[in-house]
Amino acid sequence: MALQTLATLAIERWLEAERDQLALWLPVFLGAGVILWFALPDPRAWIAAILLALSVAAFAVALGRGGRAGRSVAIAGVALAAGMALVWWKAEQAAAPVLPRAMVVRFEARVERVQPLPARGLVRLTLMPTRWLDRAPDPAPTRIRVNLALADSPAGIAEGAIVAMRARLMPPAPPAVPGAYDFARVAWFDGLGATGRGLAPVTILSGGGSEGEGLRVRLSRHIHERLEGSAGGIAAALATGDTGAITDTDAEAMRRSGLAHLLSVSGLHITAAVGIAMLLAARLLALSPRLALTGQVPVLAGLVGAAAAIGYTLLTGSEVPTIRSCVAALLVLGAMALGREAVTLRLVAAGAFVVALLWPESLIGPSFQLSFAAVTTIVALHEHPAVRRWFMKRDEGWGAKLLREGGSLLLTGLVIEIALMPIAVYHFHRAGIYGAVANIVAIPLTTFVVMPLEALALLFDAAGLGMPFWWLAGKALALLLWIARTTAGAPGSVTALPAMPGGAYALMAAGGLWLALWRTRWRRLGTVPLAIGASWALATPAPDLLVTGDGRHVAVRTARGDLAVLRDRAGDYVRGMLAENAGTEDDPLPLSDQPDATCSRDACVIAREAGGRRWRILATRSGYLPPWRDMVEACRAADIAISDRRLPAACAPRWLRLDRPALARSGGVALTLATGRIATVRSQGDRHPWMATAVPPTPPRFRTRPARR
């Protein structure tokens, strides 16, 4: 009893010392509830978890005896339950009809959004079907997205137009293999019931024309006319959020160099827009002696900055990352107007809390996690007393000042790279090395050179005098692209890693938050889950076998460690996706060229040594059905049989059979032969709405190869 009392007193003293930090954990537990809902499989588990969290909160109130520990646990339990209930409600509210299977249909629709993608030769249309000209699908999606070739796009197509067209549509795709991008989940919360390819001809029935184009489209076209290629694409991205003109090669270079965040309108861009607006407003308002003497110039400039933030957010499409950054900017401006310290962890927590309330589904995506992790890391680092003393302003020469400022940028960049590495590995299966160094030059170049020059160019274009500024902006953007390409091409610029276990990622996230949000020496305990999670992730072997959910594509790790794909003509997207999730940067090789594989036109047999035994893998790879007896014999000799069609009932491999019916239940599969681990896209009993509505693709028609003469 005495020990219990001492422990309670110690916890109370610790929480009293950390009382200013306790509020920071409210959005953490709200977000943990959101993520827990995504992790648990079905309504019974969600209800049980909500009731358990509320029960813990009630017991904490009853047993806490009014202490800070009891209140903290109670609030955490309620926040956890609220997070689960909130995202569950949001998922139910987002429910929309989903196309049952792939089909070609004719329909009339209202254009909701036009997104030009000139670098890919496409126009992406978001459509609201108003009439089905053929037999309507059952259920019929109410919102769809189609890609249309630029050559097939009629002139004058704009938001609000009514069009008639034909398209090949399919349900939003789930992840092809474990760890891949889950478009079905994103589409569910966006209300998209189908995606596909538009087919010519496309007829505008009403509306359209240049007068129907939104400001974003007109501004993007204007910028593309002034700057060509990827430079114009980046300039448009900074002004309107439109990245469609950036070539795939340059977009990949930006990602590999750690500069891709410059293409997404977020905190950096909002800060620059607010800063420029406030600077100009303050200089102009200070010209009035009456205003200058009242001391209201900073407040009025702050109002102008707030208007600039809101206008810039609306101009760039009001995407969630932009809205999140706009909210944070408004909170900073409000704190400045009240005379409070502007940039603190409480501000970051307030922004995260607002986003979790309004867009809880965004918490599971990389955009939210990367941006808030970066901001939290910056603020927590510079709030540390030692760092604050080291980089505080002082009376010194320009050389020492430059060295100190450069050291601050480098330290901040390195710490951010370390903090963001687990997030990048978990979501993208790769980690950059030189991003901190590249950002030291790229961020000031974008913030203080490119964006002001582009703003001046657009301003002077009203009088037809913007070309000198466009020329300078083009040169600055060319330098930015050179930095990205050089960094991306440097040896070892990116390290590819296999998919990280969710448990390892959760441990590292918990450890990082513990280190960032506490202030006393107990914060050091965060290194324990951080180290365990990192060790777990590094010890997780790369999969030996990847099978896509349709069974058509198989990637096998050879005895030399290379990745080989079953179908020689697999597209670049499929090959890149398989390589990324297998944790390799090299382009996959044809399986038919490997010495440990025997391939015919219809099937391949691969032999592998792993886990102290020899594995024999059989995979079909054509639309022809081999003779029944031959197929059954091949199955009996194999440990694993894989096919994109239904295999004969007598096909009985020694360990695992992955044919069309089995893959319809499991989704894509990743196998680790040495441990026998099987990871699947679909978990048993998963009742999340986007998984419950998913329908396996229509089986292909089988053909029998004619006998040779």
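**View 1. A network of salt bridges joins Glu252, Arg255, Arg256, Arg430 and Glu585.** Here a salt bridge is a side-chain nitrogen of Lys or Arg within 4 Å of a carboxyl oxygen of Asp or Glu, and the structure holds 26 of them. The model is a predicted one, in which local features need pLDDT of at least 70 and side-chain atom pairs count only at pLDDT 80 or more, whereas totals for chains, interfaces and linings use all residues. Residues are numbered from 1 along each chain as its sequence is written, and side-chain values use heavy atoms, with hydrogens and water left out.

**View 2. Asp250 and Arg485 form a salt bridge through their side chains, at 2.9 Å from N to O.** The two residues are 235 residues apart, Asp250 in helix H8 (residues 248-256) and Arg485 in helix H18 (residues 467-489), so that the pair links distant parts of the chain, helices being DSSP runs (H or I) of at least four residues and strands runs (E) of at least two, numbered from the N terminus. Asp250 is buried, at 7% relative accessibility, while Arg485 is partly exposed, at 45%; buried means under 20% relative accessible area, exposed over 50% and partly exposed in between, for a 1.4 Å probe and protein chains only.

**View 3. Helix H16 (residues 398-428) bends by about 40 degrees at Leu420.** After H16 comes His429, with a positive phi near 60 degrees.

**View 4. Thr540 lies in the loop between helix H20 (527-539) and strand S8 (545-547).** Thr540 is buried, with a relative accessible area of 17%, and its side chain reaches the backbone oxygen of Trp536 at 2.7 Å. Leaving aside neighbours within four places in sequence, Thr540 is in contact (heavy atoms within 4.5 Å) with Pro498, Ala499 and Pro501.

**View 5. Trp37 is one of the residues that touch the most other members of the largest nonpolar core, which has 42 residues.** Such a core is a set of buried Ala, Val, Leu, Ile, Met, Phe, Trp, Tyr and Cys residues joined through side-chain atoms within 4.5 Å. Beyond four places in sequence, Trp37 has contacts that include Trp46, Met84, Trp88 and Trp690.

How values were computed: Polar contact = N/O pair within 3.5 Å; in protein donor to acceptor, adjacent residues only side chain to side chain. Bend = angle between axes of the 7 residues up to and from the residue.
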